[in-house]
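Take a look at the structure below, then try each exercise before you read its solution.

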Amino acid sequence: MSDWSHRHVLDLAAFSLEDYATVLELAQRFRAMPTSGARKLPALQGRLVTTLFFEPSTRTRSSFELAAKRLSADVQSFSPSSSSLSKGESLLDTVRTYVAMGADLLVVRHRCTGVPASLAHDLDASGERVSVLNGGDGLHSHPSQGLLDLFTLARQFAPEAPTPEALRGRRIVIVGDVLHSRVARSNLWALTACGADVVLCGPPTLLPEAFSDFVAAPPPGQSSDPVARRGSVRIERDLDQALAGADAVMTLRLQKERMTQQLLTSLEHYHRHYGLTHARLERCGASVPVLHPGPVNRGVELSGALLDDPRRSLVEEQVTNGIPVRMALLYLLAAS
Ligand code: NCD
C-alpha cells in the first residue's frame, strides 16, 4: 500500500498494475467485514466526504455514501435542484463552499467530460488539501465502476485470491453502446492492464472502429502508460462470434439520453442482434457470467430471465462489491 501515489482518482488510464492490486486487496478485506452488528471501521473518523452529483444516480452515490459511513466518515450530500446553482452560482464556487465547510473528499459526477479533473486542478492550484473522486464524467470515465467490475470478475475467477493476475489471458466480451459508455472506457483500461483480452461488440453507430486502438496510447495530458504490457482489444460485429470462447460477458445500457441522432433502427432490432438471452449464451460455457453496470433496460440489453438468473447474472454482486471497492478508494485517498 506504500506505493499508492494518487491524490485524486479521476481516470483509470493513470493506474499501474500495483494500483489495481492495492485496491483489490483492500476491497477483499473490506468485503469480508460483517454487514450487520459491529460493522464500522474507525479509519475515516473526523473526515468529511461530500458527494456532489450533478447528474442522476441510484447506485454510485448511495454506494459511496455507505462506503464512507462504514469507515466512520461524516457524509454530506449536495443536490443540484435545490442548490444556488439555479441562482447563477458557478460550479467552482459551489464546490468551494463545500470545501470551506471542511470537506476532505469530494465525489463528483457531471454530465460533461473533464469536470472532476478540472475541479481537482483548480483546488490543487489554490492549495486546498482535498481529494476528488470521479463518480462519472460525461462519456469519459467512471473509475469506481471499472474497479468494481474488475473486482467482481477477479472474485469470479479466483474467489480466494482476487488479484489482477486472475484476469490474465481471460477473454471478456463488452457488448452494446460502447460509444456513449464511460463504464466501457474505464473497463478497457482496467481489464487490459490486468492482461485480459477484450472483445468489443456492437453496431458501427454505437461502436466506431477507432475503439480497437483505445488503449494503444495514453490519453491527452498523460505522458506515458503506467502499464508495461496490456491485453488486446478487438472488435467483433457478430455477437455469436464474439461470444465463442468468452470467459465473461458485460453488456451496457443503451444511453438514449446521450444520443444526439438516430443511431438505432428499433429496440427490437437491437435486442435481436445484440441482446443477451439464455439461448444466445449457449455459444459460451454454462458457467460464463453476465455483468451489467445498471440501470438495465429489461428485455433490451438482456432478457429479464437472464437478469434474474442467479447462476448467470452478476448484476447484484456488482452492486454489493461496489461498497468495499469504494471503501478501498476512500481509505487510500484519506491515507495519502
Ligand atoms: C452507469 C453510469 O452512470 O455511468 N451506471 C452506474 O454508474 N452504475 C452506466 C449507465 O448509466 O448506463
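This is a predicted model: local features need pLDDT of at least 70, side-chain atom pairs count only at pLDDT 80 or more; totals for chains, interfaces and linings use all residues.

Residues are numbered from 1 along each chain as its sequence is written, and side-chain values use heavy atoms, with hydrogens and water left out.

**Exercise 1.** Find which residues are around the ligand.

*Solution.* Start with the list: R59, T60, R109, H142, Q145, R182, V183, R253, Q255, P293, G294 and P295 (a residue is near if one of its heavy atoms lies within 4 Å). Next, sort this shell by class: three residues are nonpolar, five polar and four charged. Finally, look at helices: α2 (59-70) and α6 (182-193) each give the shell at least two residues (helices are DSSP runs of H or I, at least four residues, and strands are runs of E, at least two).

**Exercise 2.** Work out how far the polar side-chain atom of H142 lies from a ligand oxygen.

*Solution.* Then check R109, with an N or O side-chain atom 3.1 Å from a ligand oxygen. Q255 also has a polar side-chain atom 3.1 Å from an oxygen of the ligand.

**Exercise 3.** Decide whether the peptide bond from G294 to P295 is cis or trans.

*Solution.* First recall that most peptide bonds are trans. Now read omega: it is near -5°, making the bond from G294 to P295 cis.

Note on methods: A polar contact is a pair of N or O atoms within 3.5 Å; within protein, one must be able to donate a hydrogen and the other to accept it, and residues adjacent in sequence count only if both atoms are side-chain atoms. Ala, Val, Leu, Ile, Met, Phe, Trp, Tyr, Cys and Pro count as nonpolar, Asp, Glu, Lys and Arg as charged, and the others, Gly among them, as polar.
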